[in-house]
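Here are my notes on the model you sent over. Have it open while you read, and go through the points in order.

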Amino acid sequence: NWIGAKGTKQISSMLLENTTLEELSLCVNGIGDEGATMISEALTINRTLKKLALKTNGIGDMGVKMIC
């Protein structure tokens with residue numbers, strides 16, 4: 001899979017309304033810092049997701065800071 005930042009926008013929108021999904025793996029999808037930022041914004045609202053895997057996505061220091 002290679003969803004990139006564009007696909008991450010759709011996933012982030014879903015996470016804003018999610019009430020059931022507890023685990024999500026987005027490994028090797030090329031989301032980068034832009035995608036990580038979108039996900040981090042969604043996670044400020046989402047309280048259901050407990051596990052998120054983002055390995056091998058080209059996320060730099062900025063993206064890591066946003067997620068953490």
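Which residues does threonine 48 touch, not counting those up to four places away in sequence? That is point 1, after a word on the ground rules. This is a predicted model, in which local features need pLDDT of at least 70 and side-chain atom pairs count only at pLDDT 80 or more, while totals for chains, interfaces and linings use all residues. Residues are numbered from 1 along each chain as its sequence is written, and side-chain values use heavy atoms, with hydrogens and water left out.

1. Threonine 48 touches Asn18, Thr19, Thr20, Leu21 and Glu22, where contact means heavy atoms within 4.5 Å. Threonine 48 lies in the loop between α2 and β2 (51-53); helices (H or I, at least four residues) and strands (E, at least two) are DSSP runs, numbered from the N terminus. With a relative accessible area of 18%, threonine 48 is buried. The cut-offs are under 20% relative accessible area for buried, over 50% for exposed and in between for partly exposed (1.4 Å probe, protein chains only).

2. Arginine 47 is found in that loop between α2 and β2 too, but arginine 47 is exposed, at 61% relative accessible area.

3. Now the inside. The largest nonpolar core has nine residues: Ile11, Leu15, Leu24, Leu26, Ile31, Ile39, Ala42, Leu49 and Leu54. At least two residues of this core come from α1 (4-17), and at least two from α2 (32-43). A nonpolar core here is a set of buried Ala, Val, Leu, Ile, Met, Phe, Trp, Tyr and Cys residues joined through side-chain atoms within 4.5 Å. Take leucine 54: leaving aside neighbours within four places in sequence, leucine 54 is in contact with Leu26, Cys27, Ile31, Ile39, Ile59 and Ile67.

4. How do the two helices pack? The angle between α1 and α2 is about 5°, and their axes are 9 Å apart. Axes are lines fitted to C-alpha atoms, for helices over the stretch in contact, and angles run from 0 to 180 degrees between N-to-C directions. So α1 and α2 are roughly parallel to each other, a label for angles under 35 degrees. From α1, Ala5, Thr8, Lys9, Ser12, Leu15 and Leu16 meet Glu34, Gly35, Met38, Ile39 and Ala42 of α2.

5. How many disulfides are there? The count comes to zero, taking a disulfide as a pair of cysteine sulfur atoms within 2.5 Å. Cysteine 27 is in no disulfide, because the sulfur of cysteine 68 is 15 Å from the closest cysteine sulfur, in cysteine 27, too far for a bond. Cysteine 27 counts as partly exposed at 25% relative accessibility, and cysteine 68 as exposed at 81%.

6. Two backbone spots deserve a look. Most residues other than glycine have a negative phi. Valine 28, not a glycine, has a positive phi of about 55°. Valine 28 is in the loop between β1 (23-25) and α2, and counts as partly exposed at 43% relative accessibility. Threonine 56 also has a positive phi, near 55°. The loop between β2 and α3 (61-67) holds threonine 56, which is exposed, with a relative accessible area of 53%.

Conventions. Parallel < 35°, antiparallel > 145°, perpendicular 65-115°, else oblique.
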